[in-house]
There are 2 protein chains.
Amino acid sequence: MVAVSPSPSELRDQIDRWLEGFLADRSQAVPDAGDLIAEIARVVRLGGKRLRPTFCYWGYRATGHSHDDRIVAAAASLELLHTFALVHDDIMDSALVRRGEKTTVAAHGSDIALLTGDLALVLADEGFMTSGFDAETLARGFGVYSRMRHEVIAGQYLELVTSTKEAPSEEEARRVAALKSGFYSVAEPVTIGAVLGGASETIVDSVRAYGLPLGEAFQLRDDLLGTFGDPDVVGKPVDSDIREGKRHLLFVKALARASDDDRAVLLRDWGRADLSPDEVEHLRSILVGSGAVTDIEALIQRLASAAREALDSVEIDTQARAALGSLIDSVVSRES
Amino acid sequence: MVAVSPSPSELRDQIDRWLEGFLADRSQAVPDAGDLIAEIARVVRLGGKRLRPTFCYWGYRATGHSHDDRIVAAAASLELLHTFALVHDDIMDSALVRRGEKTTVAAHGSDIALLTGDLALVLADEGFMTSGFDAETLARGFGVYSRMRHEVIAGQYLELVTSTKEAPSEEEARRVAALKSGFYSVAEPVTIGAVLGGASETIVDSVRAYGLPLGEAFQLRDDLLGTFGDPDVVGKPVDSDIREGKRHLLFVKALARASDDDRAVLLRDWGRADLSPDEVEHLRSILVGSGAVTDIEALIQRLASAAREALDSVEIDTQARAALGSLIDSVVSRES
């Protein structure tokens, strides 16, 4: 018997069971693509947090609905969308390791990775549209869902463009973070949940006002972990952002605040694939010494406060409020 | 004023106008991805036949509905799905020219091509889901639509797998053709139209029985044009299937029927990128001499007859019957 409000791990288990069952079912429906689905399932199993489904679930519960299977299915399908984004991102980055294991592109080459990502995107929609909500509700939810897909692709594109600039503006770096992650990891999932729950405009606006700053905080934490995290915990190398020359806010802020000498080193070395470990370490020390890391940490705290304020200012289900509140802490203080 | 039954060119114009308007609108909605949408629009403009939308449109009209804007939108969105398939296919094939112009991968590199294809897939769904049909009808149509997306990706995958085999069976070659093109170019589009029109099960079954053989005939004609067509009319090189070593039914049949000497040449040279024009010509003569080309032509005629029989055996709107009948001829005898 399902508890009225699942604990975080109970919710993850239900999401995982839905994912396994759905993928097995789809594999039977079109057996020709069974190998691709097996690869999607492998990538899905590597992840553990189910962050986007969890936000979606609690956005729904915020509207006062009790636990049901339909929202588990709709929410879990967002994990397949995330699989699509990761698999295609790894092709573009030529990334070899993700979550401690081989990426799809490393394991099977770029053609198979391309098709695996395509199919994950298609199956995500299918999971969403067959989640069991009535057609009207689905059509409303699909509007937000589809906007989110458009945004995440726009974010990937903007990141490509920004990465060719020597020194993007803070505004550009924050726009990439918002599109690539802010909307897509937090704000839209929680909004989709609220919309599926038939939320009033006030509630929809409030969960978005909660999700937007929290999503940006999520990405900023991600950027810090990508350079200063524990590679065993993060599950991927923590020098790749430096070697690829990622133009995120951390870099942009460091460039603006560094001394002339450090600035010259940043411009010369950031993005050199052949850096020695010592050179990577020196770049890390410039990020810290410039004050950029402290700045980003402070910004994360301000964004988290904004999310908490939005959450506190709206009348929603108390269990959902508690869960969405805990999610702020886990997003802000996570180590992977 | 729109005619009750548009001529083929009037229908194409309406489809094109919808595509231009929809892409302009989506570009405004998420301006960050405007460059990607401009590239999608460029690829869309290169094509002209709008085959899949046309089948979808007449599948709808077959159910007795008169012309309306909703079916133009839903049908036209299939062209965006086709754009997705072409753009990603060209990445895998490293194809440089398509429809007489640079492919996306040739014009912008594989990263941009990957994102362009992803966005075309997303926008196709969005166009379909915002076509204006009521939510229940859309949900039913989306079931077939999504199955079709799954099939076309499965077909791409199976083609990759088959291409690594020296001599796939006829059955394997035909399965690739069915998945990659038969379902996706004809059978599912016409079925989606019928489902959007609220067709009875009998009509749905009949339009599928029309679409399945015709779709296979379409692919077989495509394979013949890919090696024996006029490159200026086809819009791409007609030696690339040979140089890439495409394992289609034409090749498989030639291999089965050729003399021992010719068979040895086929196994040695089919798929060699560095063939001289004379060697390519010699391979063409083996395909013809083996009887494989005549065989395929005969098979195309049998499949066309099966499509015509299915069409003649069901009660549908007479204008739709005439249009679907003409489409058999244009698919079978097309030169591009």
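This is a predicted model: local features need pLDDT of at least 70, side-chain atom pairs count only at pLDDT 80 or more; totals for chains, interfaces and linings use all residues.

**Entry 1**

I asked what rotation superposes chain B on chain A. I found 180 degrees, with 0.0 Å of shift along the axis and an RMSD of 0.0 Å. That is how a two-fold axis relates two copies. I then checked the surfaces, and both copies use the same one: 100% of the contact residues of chain B recur in chain A. Which residue of chain B comes closest to the rotation axis? I got Ala135(B), whose C-alpha lies 2.6 Å from the axis.

**Entry 2: the interface**

Next I looked up how many residues touch across the chains. I have 39 residues of chain B in contact with 39 of chain A. Together the chains bury about 3,600 Å², and carbon and sulfur atoms account for 74% of that. I wondered which three residues supply more of the area that chain B buries than any other three. They are Asp32(B), His150(B) and Tyr157(B), with 20% of it.

**Entry 3: α4 and α5 in chain A**

I moved on to helix α4(A), residues 69-93, and helix α5(A), residues 104-129. Their axes come within 8 Å and cross at roughly 155 degrees. Angles over 145 degrees count as roughly antiparallel, so that is what I call α4(A) and α5(A). I logged their crossing as left-handed. The contact residues of this pair split into 14 nonpolar, eight polar and two charged.

**Entry 4: α12 and α13 in chain B**

My last pair is helix α12(B), residues 260-269, with helix α13(B), residues 277-289. Here the axes come within 10 Å, and the crossing is at roughly 130 degrees. These two are therefore oblique to each other. I have this crossing down as left-handed. From α12(B), the contact uses Asp262(B), Val265(B), Leu266(B) and Asp269(B). From α13(B), I listed Glu279(B), His282(B), Leu283(B) and Ile286(B). I sorted the contact residues of α12(B) and α13(B) into four nonpolar, one polar and three charged.

Key:
Residues are numbered from 1 along each chain as its sequence is written. Chains are lettered from A and ligands numbered from 1 in the order in which they are written. Side-chain values use heavy atoms; hydrogens and water are left out. Copies are superposed by least squares on the C-alpha atoms of residues with pLDDT of at least 70 in both. Contact means heavy atoms within 4.5 Å. Axes are lines fitted to C-alpha atoms, for helices over the stretch in contact, and angles run from 0 to 180 degrees between N-to-C directions. Helices (H or I, at least four residues) and strands (E, at least two) are DSSP runs, numbered from the N terminus. Angles under 35 degrees count as roughly parallel, over 145 as roughly antiparallel, 65 to 115 as roughly perpendicular and the rest as oblique. A crossing is left-handed if the near helix is turned anticlockwise from the far one by less than a right angle, and right-handed if clockwise. Ala, Val, Leu, Ile, Met, Phe, Trp, Tyr, Cys and Pro count as nonpolar, Asp, Glu, Lys and Arg as charged, and the others, Gly among them, as polar. Buried area is the accessible area (1.4 Å probe) that two parts lose on being put together, summed over both.
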